[in-house]
Amino acid sequence: MESAEMEEFINAVRERSDIYDVVSRYVTLTLKNGRFWACCPFHEEKTPSFTVSPDKGIFYCFGCHEGGNVFKFISKMEHITYFEAVKLQAERLGIEIPSRKKTSAEIQIEQEKDSLLKITSMARNFYHNCLTKTKEGEHCRKYLAARGITEKIIEDFQLGFAPDSWDSLTKRITARGYSKKQLISAGLAVEKKNGDGVYDRLRGRLIIPISDISGKPVAFGGRILVADENQPKYLNTPETEIFSKGKLLFALNKSSRAIISANAAIVVEGYMDAISLIGAGIENVVASLGTAFTEEQAKLLSRYARKIIFCYDSDEAGQRATIRALPIMKNTGAEVFVLIIPDGKDPDEFIRNHGKAAFLELLKNVMPVIDYQFQYKLRHINYSTFEGKMQVLNEMFPLCREINNPVTQEDYLKKFSSVLVLDEILIFKEWNKFLSRSENKNKSAPQKKFPIQKSSLILQSGRSIIQKLWYEPEFIDYVSALAPKENFTKIHREIINYIEKCYAAGQMPDDLTAAKELSAEANLELVRIAGMIEPQDSQIQAFQDSVKIMQRVNLEKLYRKIYQEAKDFFKSGDLKNYAEKMQAAMILQKEIDKL
């Protein structure tokens with residue numbers, strides 16, 4: 001393309017581009033004092049400082065000072081080059097992109113692709129007619145009806161049926177003048193092992209056409225109708241010159257408008273999940289073609305929405321697939337969430353059993369990425385040991401670092417402390433160490449390091465111990481033997497004394513009696529402790545860890561006392577008593593190290 005032609009093309013796209021329409025795809029704009037305002041999509045803020053001036057065709061942020069024309073905005077939002085932004089906007093406006101004169105080889109490749117698209121279009125029509133118009137497709141129609149797939153959905157998705165015949169499709173396509181070799185190239189036929197002819201790849205299956213963004217069929221998925229352990233549940237046509245499964249998203253050609261309108265996309269695993277949700281009226285849905293989510297799919301999806309919600313199957317395989325997909329999608333700058341289907345169901349099964357309204361209720365409680373990842377790690381790492389707790393922390397810190405808001409970061413660090421039963425001071429120390437290591441390694445801009453304040457170790461451990469004693473006061477003797485009461489806070493000592501009194505009288509502690517005997521401060525603390533919820537399998541371990549912590553606090557206090565006495569003896573020249581005290585201090589230090 002000549003430079004003059006290029007300049008003319010860019011000007012044509014710019015003239016037809018309304019920056020208000022483009023920006024409002026991504027953010028909500030509000031008119032004020034002749035300008036449109038919004039919270040900036042390029043940095044985090046609560047008060048809008050991002051402006052759009054349609055008459056001038058520009059945007060500008062008074063906070064981060066980003067600004068420019070419509071192409072600059074698109075390039076930043078889509079994470080693409082300036083010229084890629086021009087081409088993307090041209091495609092959206094339906095403006096043909098001029099190109100240089102093609103070589104004969106390029107023309108031949110285009111012709112071959114065109115032939116493959118004609119073959120796949122004929123195949124889609126053939127399969128669809130077999131489903132809707134033949135007696136042979138009747139049992140497939142009954143199968144779909146049993147799954148709640150209506151005639152409208154069948155038409156919308158052009159669902160089909162492949163006859164249980166070796167060559168019914170091959171005969172139909174070759175009768176139109178196409179070769180068996182072209183059928184193989186389209187992924188619809190397979191060459192026989194002896195080289196004597198071909199046979200249909202898909203037979204006796206429900207057929208789900210896979211289309212590109214323009215709606216042209218490029219591949220097919222075939223689902224078995226009757227469970228057969230000798231056959232895969234799904235059989236898909238392979239990658240071809242017109243189909244790369246890592247670059248397409250199933251149903252995007254149908255859901256793109258709904259995704260743009262909602263500025264949110266729901267990503268599911270399978271074809272039937274997407275078909276069932278869209279059929280039920282949840283239209284902003286795509287499926288990742290049953291394969292690992294790819295960077296290309298992430299970039300493609302981020303062009304249509306800022307908010308991406310993964311709703312994969314709730315089984316172990318679905319959880320692993322979700323964990324792999326989340327960082328890929330987040331790298332595009334999108335806001336990523338996870339929707340968990342209850343009771344281990346998949347989206348298709350849930351929507352069929354409970355309907356659209358119930359699914360919309362689930363959407364109100366989507367989970368932030370970091371919460372989902374934290375829960376996943378708690379399920380897959382044995383955090384009953386100190387080593388396990390540290391492993392969880394080391395795997396969560398990089399994820400926490402991606403959070404831009406320091407207040408939110410601190411909230412998560414405190415959550416890690418609470419769930420893992422680790423002192424906040426330890427969490428913050430490890431966090432600061434992690435930041436220092438990552439800054440040195442990556443030479444990145446420093447993040448906020450949290451000042452280490454007075455340890456809440458005693459407070460947290462005391463709460464965990466009291467929670468156990470409240471329901472099982474018989475542990476009071478065990479606690480007293482290892483963790484003297486004087487090491488607890490004043491309020492916790494008051495509560496423990498009350499529980500000890502109840503136990504000695506052969507009574508269970510209860511809210512009513514506690515309210516009468518405890519101070520207002522102790523009662524408030526007891527209510528807070530009673531409301532603490534620990535994972536069932538970690539309650540005992542949390543209690544034991546807390547007793548050890550309080551035991552260590554006691555030993556450290558004793559160690560400091562003996563060590564100070566040793567220093568005093570040394571200053572006075574009494575080396576004999578100094579040696580004895582140092583020996584006792586060393587023995588205490590070994591006990592402390594064991595804890």
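The model is predicted: local features need pLDDT of at least 70, side-chain atom pairs count only at pLDDT 80 or more, and totals for chains, interfaces and linings use all residues. Residues are numbered from 1 along each chain as its sequence is written, and side-chain values use heavy atoms, with hydrogens and water left out. Helices (H or I, at least four residues) and strands (E, at least two) are DSSP runs, numbered from the N terminus. Buried means under 20% relative accessible area, exposed means over 50%, and partly exposed lies in between (1.4 Å probe, protein chains only).

- Strand E10 spans residues 217-224. Of its 8 residues, 8 are buried, so E10 is largely enclosed by the rest of the structure.
- Two strands pair if DSSP finds at least two bridges between them. Strand E9 (residues 205-211) pairs with E10 in the antiparallel sense, over 7 bridges.
- Within this pairing, Pro 209 has Phe 220 in E10 as its bridge partner.
- E9 and E10 form a hairpin, with 5 residues between them. Gly 215 sits in the turn and has a positive phi of about 95°.
- E10 also pairs with strand E11 (residues 234-236), in the antiparallel sense over 3 bridges. Here Gly 221 stands opposite Asn 236 in E11.

- Most residues other than glycine have a negative phi.
- His 65 is not a glycine, yet its phi is positive, at about 70°. His 65 is in the loop between strand E4 (58-61) and strand E5 (67-68). This residue is exposed, with a relative accessible area of 54%.
- Gln 158 also has a positive phi, near 50°. Its place is the loop between helix H7 (151-157) and strand E6 (160-162).

**A buried helix residue**

- Thr 322 belongs to helix H13 (residues 316-330). Thr 322 is buried, with a relative accessible area of 3%.
- Contact means heavy atoms within 4.5 Å. With neighbours within four places in sequence left aside, Thr 322 is in contact with Phe 310, Tyr 312, Val 338 and Tyr 372.

**A link across the sequence**

- Gly 148 lies in the loop between helix H6 (138-146) and H7. Gly 148 is partly exposed, with a relative accessible area of 47%.
- Gly 148 and Arg 352 are 204 residues apart in sequence. In space they are 6.9 Å apart, C-alpha to C-alpha.
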